[in-house]
Every structure is written in structure tokens, then in C-alpha cells.
Amino acid sequence: MIRIDFNKLRFLICDDNPHMRRILRTLLHSFGAREVYEAEDGATALEMYSHSAPDILICDWAMPIFDGLELTQIIRQPDAIGNPYVPIIMLTGHSEKRRVMVARDAGVTEFLAKPISAKALYQRILSVVAHPRPFIRTKNYFGPDRRRNTNSAYIGPERRNGGKAEIMPQSALIAKARITT
């Protein structure tokens with residue numbers, strides 16, 4: 001089992017609900033995280049994102065000013081301020097397949113339905129830290145590979161559109177956060 005040192009990671013939580021921010025902060029602290037920044041809306045999160053350079057962003061879908069999807073789309077601009085490759089974990093109380101696909105297509109790395117559990121949050125963080133998906137750039141999309149399983153010989157209806165895809169492998173955060181014994 002992979003163990004990570006949360007103390008070496010920087011988190012930004014963006015949720016308009018102060019109780020949810022407190023729950024997330026408490027969970028992250030219980031995992032060992034010490035650098036946890038908080039924002040109550042998408043605009044504040046974007047400003048904090050550019051200054052705090054988080055390793056992982058955890059954001060709610062529905063927020064004032066601009067929502068989690070808009071925040072993701074701004075961050076995923078290849079010429080944006082900050083790191084467009086940051087893992088983004090989207091929180092929402094609405095987990096219908098359509099919403100998951102919309103979030104995925106916006107560039108969200110992982111999806112987490114509310115109410116959250118410590119185990120589910122830990123699993124999503126472990127996934128983005130230890131097993132980052134490569135980023136894909138086509139003329140229509142820039143973000144983490146939307147496919148969990150890749151088969152280069154696939155020719156079905158869900159194959160990549162938009163011409164050639166540039167694939168950019170991501171370095172795992174595990175190098176930064178691995179527990180050394």
C-alpha cells in the first residue's frame with residue numbers, strides 16, 4: 001500500500017458552504033495536511049490559486065461568482081496563470097452520469113459526490129497523487145485524459161475526435177509526498 005505524507009502537500013478548498021470547508025479542512029488535517037487554504041467562491045479561489053500554488057484543488061460545483069466548472073475551465077487554459085495541470089477534485093451533491101461527464105469534459109481530474117466520507121476523499125487524493133493521468137491536448141480539449149483505460153487500437157464511436165492528440169505524461173506528486181522510512 002502506498003502511503004503519502006500529506007504534510008508535504010498544499011491544498012486549496014473552494015466551497016461556498018463554511019461547514020463543508022470545515023469538514024474538508026478537518027479531514028485533510030487528520031490525514032496530516034498542514035497547508036490548507038480556503039475560498040468561499042470561484043473568484044476568490046482563482047486569486048488564491050495564483051498566489052498559493054496548491055498541489056491539489058478541491059472545489060464545489062455550485063458556487064457564487066463563478067462555479068467549479070468555470071473555475072476548472074479557467075485553470076485548464078494552457079496559457080493561464082499558475083499550473084494548468086493541477087489535480088482538481090470536484091465535489092457536488094448531484095452525481096448523475098450527465099454531470100460527471102460534464103465535469104470530466106471541463107477538465108476535472110476526480111469527482112466526489114456529497115455527502116463525502118474520509119475514505120472516499122483519501123482515495124481520490126491518493127489517486128491523483130500516486131497515479132496521475134496524462135494530459136491530452138487536442139483542438140477541442142486540454143486536461144487530464146478522460147479515459148481510465150486506454151486502447152490505442154480502439155475504433156468505436158467514443159474514439160478521440162478533433163484530430164491529433166498531444167499526450168503529456170504527468171509527474172506523480174508521490175515523488176513530493178512519499179513517506180520515506
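**Core and helix packing**

Reply: In this predicted model, the largest nonpolar core has 26 residues, and those that touch the most other members are Phe11, Leu28, Ile56, Ile58, Ile125 and Val129.

Me: Which element gives the most residues to this core?
Reply: At least two residues of this core come from each of strand E1 (10-14), helix H1 (18-31), strand E3 (56-60), strand E4 (88-92) and helix H5 (118-130). The element that gives the most, with seven residues, is H5.

Me: How many residues are in the second, separate core?
Reply: Apart from the core to which H5 gives the most, there is a second one, which includes Ala39, Cys59, Val108 and Phe111. The number of residues in this second core is 20.

Me: Is H2 roughly parallel or roughly antiparallel to H3?
Reply: Helix H2 (residues 42-52) packs with helix H3 (residues 68-75) at an angle of about 30°, and their axes are 9 Å apart. Because angles under 35 degrees count as roughly parallel, the relation of H2 to H3 is roughly parallel.

Me: How many charged, polar and nonpolar residues does the contact of H2 with H3 have?
Reply: On the H2 side the residues are Gly42, Ala45, Leu46 and Tyr49, which meet Leu71, Ile74 and Ile75 in H3. Because Gly counts as polar, whereas Ala, Leu, Ile and Tyr count as nonpolar, the contact by class has no charged, one polar and six nonpolar residues.

Note on methods. Residues numbered from 1 in each chain as written. Predicted model: local features only at pLDDT ≥ 70, side-chain atom pairs only at ≥ 80, totals over all residues. Heavy atoms only, no water. Axes fitted to C-alpha atoms, helices over the stretch in contact; angles between N-to-C directions. Helix = DSSP H or I, 4+ residues; strand = E, 2+ residues; numbered from the N terminus. Parallel < 35°, antiparallel > 145°, perpendicular 65-115°, else oblique. Contact = heavy atoms within 4.5 Å. Core = buried A, V, L, I, M, F, W, Y, C linked by side-chain atoms within 4.5 Å. Buried < 20%, exposed > 50% of the residue type's maximum accessible area, 1.4 Å probe, protein only.
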